[in-house]
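Student: Can you walk me through this model? I would like to start with the sheet and then jump around.

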Amino acid sequence: MPRLIEQPRYSCALGAMQSVVAIKRGVPILHSGPGCANKITKLIGQGEGYAGGSTIPCTNAEEKDVVFGGERKLQNVIDGSFKVIDADLYVVLTGCTAAIVGDDVGSVVSQYQDDDKPIVHVDSGGFKSNNYVSHSVVVNAIIDQYVDKFKNNNGVQKGLVNLFATVPYQDPYWNGNLEELKRILEAIGLKVNVLFGNESDGVEEWKTVPNAEFNILVNSWAGLDIVKHLEEKYKTPYFHFPYLPIGGIDTSKFLRGVAKFGKLNEEKVEAFIRREEEKYYSHIEKTADFMLEFRYGIPRKVYSIADSTYALGFSRFLLNELGIIPGKQFIIDDTPEKYQEYIRKQFENISEYKERTVEIEFNPDAGADSSKIEEDFKNNPDKRPLILGSGWDKDLAERIKADLLIISVPVTYRLILNCGYAGYTGGLRAIEDIYDRVLGTYR
């Protein structure tokens, strides 16, 4: 039976166009109806990259294209894109219209691929999945159609890793998170391909994907299809860390896990962790007076309306480092059923105190989730709540007098440049942002 979803916090499959926008000098070419890119950009886009937003080439498929097919129009748009936009990689994505009609996009694109043009095609009809899933489809298509053809043939390079983390733009803090994760991984002796964002070398970096000694995935489930594909294709093993490491405890755990998997120099790794933890906890110690002074006015309970990677990462961080107790956590990324039990077990092991349990619900209907949070708070109004959600939760926060930290799209009320919540610096930033909102309520 069809479901109605209020306040969706992800897009249709075509939203993977933002994964292309996140690649340096990467350009998505949409074979879709007019307005698709605009709607997706409004929901999950802060920033247009090299050629995103209103500059994305599109066939603007209309009624006659449904009747007669749109392959000729697509060919004209691709020709025009090569002439007008100086890019390193072009990725053709199909929308619902082309997917329903059955245009042979692969045949059109193959003509350019035969001439060694840097172009890839992806079947991304919006109704087929969401952008969490199609992100992996796009990455795997680039690997199969571009990387495999133009790859660096220098063989496996010791210490080189490919890092896959949260989905670009779907995670508003993706760029800052990649910067911090790359920083700490390089500090323990690795050379890191991040593939997306400012810290990437663009397509030249993508060409070295097969040369990696191993891959790292920092995500609960989105991206598993990528690292498994690379393992099958290039025999590259992967290390899976199922949540965003935030703060001292989990960042150190993440680094030790990577070090053990990659057989890195333990002494070097531990020396770096000691230095980072010393700096991190010296800042935490400064908050002792504040925590004591405001102990009755700071959040004691946290609700999440977020994807599983963020909900788990923040729940662990807030509980184990700030003493904020997780209330019910609503997972809104439409998690495939085959991964749900694994994520539940991660929540069961959220603390070393086994009696601590966290109730979670997999429900992409964020409107219904908001109502449940409001009802739960009315029944248990004794603790000041913190909500981890999106701009849509501003009214909810005002109704129950909660503090709101926006960690999910749509962002709406916040401008994000290079902020990230991963790692040691991300943990400090999270503390600043949370208590900045707390102090902002005092008069």
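**Sheet, helices and loops**

Tutor: Strand 8 and strand 11 pair in the parallel sense, over four bridges. Two strands count as paired if DSSP finds at least two bridges between them. Helices (H or I, at least four residues) and strands (E, at least two) are DSSP runs, numbered from the N terminus. This is a predicted model, in which local features need pLDDT of at least 70 and side-chain atom pairs count only at pLDDT 80 or more, while totals for chains, interfaces and linings use all residues. Residues are numbered from 1 along each chain as its sequence is written, and side-chain values use heavy atoms, with hydrogens and water left out.

Student: Which residue in strand 11 is the bridge partner of Ser 304?

Tutor: Leu 388 is the bridge partner of Ser 304. Leu 388 also has a partner in strand 12, namely Leu 405. Strand 11 and strand 12 pair in the parallel sense over four bridges.

Student: What is the strand order in the open sheet?

Tutor: The order is 10-9-8-11-12, five strands with parallel pairing. Strand 10 (360-362) and strand 12 (403-406) are at the edges with a single partner strand each, so one side of each has no neighbour in the sheet. On average, neighbouring strands are turned by 15 degrees against each other, direction ignored.

Student: And how many bridges are there between strand 8 and strand 9?

Tutor: Five bridges, in the parallel sense, between strand 8 (residues 301-306) and strand 9 (residues 325-331). Lys 301 stands opposite Ile 325 in strand 9, and Val 302 has Pro 326 as its bridge partner there.

Student: Which strands does helix 14 touch?

Tutor: Helix 14 (residues 308-322) packs on the sheet and touches strand 8, strand 9, strand 11 (385-389) and strand 12. Its direction makes about 180 degrees with that of strand 9. Contact means heavy atoms within 4.5 Å. Axes are lines fitted to C-alpha atoms, for helices over the stretch in contact, and angles run from 0 to 180 degrees between N-to-C directions. Helix 18 (residues 423-439) packs on the sheet too, touching strand 11 and strand 12, and its direction makes about 145 degrees with that of strand 12.

Student: How many residues of strand 11 are buried?

Tutor: Five of its five residues are buried. Buried means under 20% relative accessible area, exposed over 50%, and partly exposed in between (1.4 Å probe, protein chains only). Pro 385, Ile 387 and Gly 389 point one way from strand 11, while Leu 386 and Leu 388 point the other way. Strand 9 is mostly covered, with five of its seven residues buried.

Student: Switching to helix packing. At what angle do helix 8 and helix 12 pack?

Tutor: About 130 degrees, with the axes of helix 8 (residues 174-187) and helix 12 (residues 266-285) 9 Å apart. That makes helix 8 oblique to helix 12. Angles under 35 degrees count as roughly parallel, over 145 as roughly antiparallel, 65 to 115 as roughly perpendicular and the rest as oblique.

Student: Which residues meet there?

Tutor: Arg 183, Ile 184 and Ala 187 in helix 8 meet Lys 268, Phe 272 and Glu 276 in helix 12. The residues of this contact divide into three nonpolar, no polar and three charged. Ala, Val, Leu, Ile, Met, Phe, Trp, Tyr, Cys and Pro count as nonpolar, Asp, Glu, Lys and Arg as charged, and the others, Gly among them, as polar.

Student: Now the loops. Which residues does the cis peptide bond join?

Tutor: Val 409 and Pro 410, with omega about -5 degrees. Pro 410 is in the loop between strand 12 and helix 18.

Student: What is the phi of Tyr 169?

Tutor: About 75 degrees, a positive value although Tyr 169 is not a glycine. Tyr 169 lies in the loop between strand 4 (160-164) and helix 8, and is buried, with a relative accessible area of 8%.

Student: Is Lys 401 buried or exposed?

Tutor: Exposed, with a relative accessible area of 67%. Phi of Lys 401 is positive as well, near 55 degrees. Lys 401 is found in the loop between helix 17 (394-399) and strand 12.
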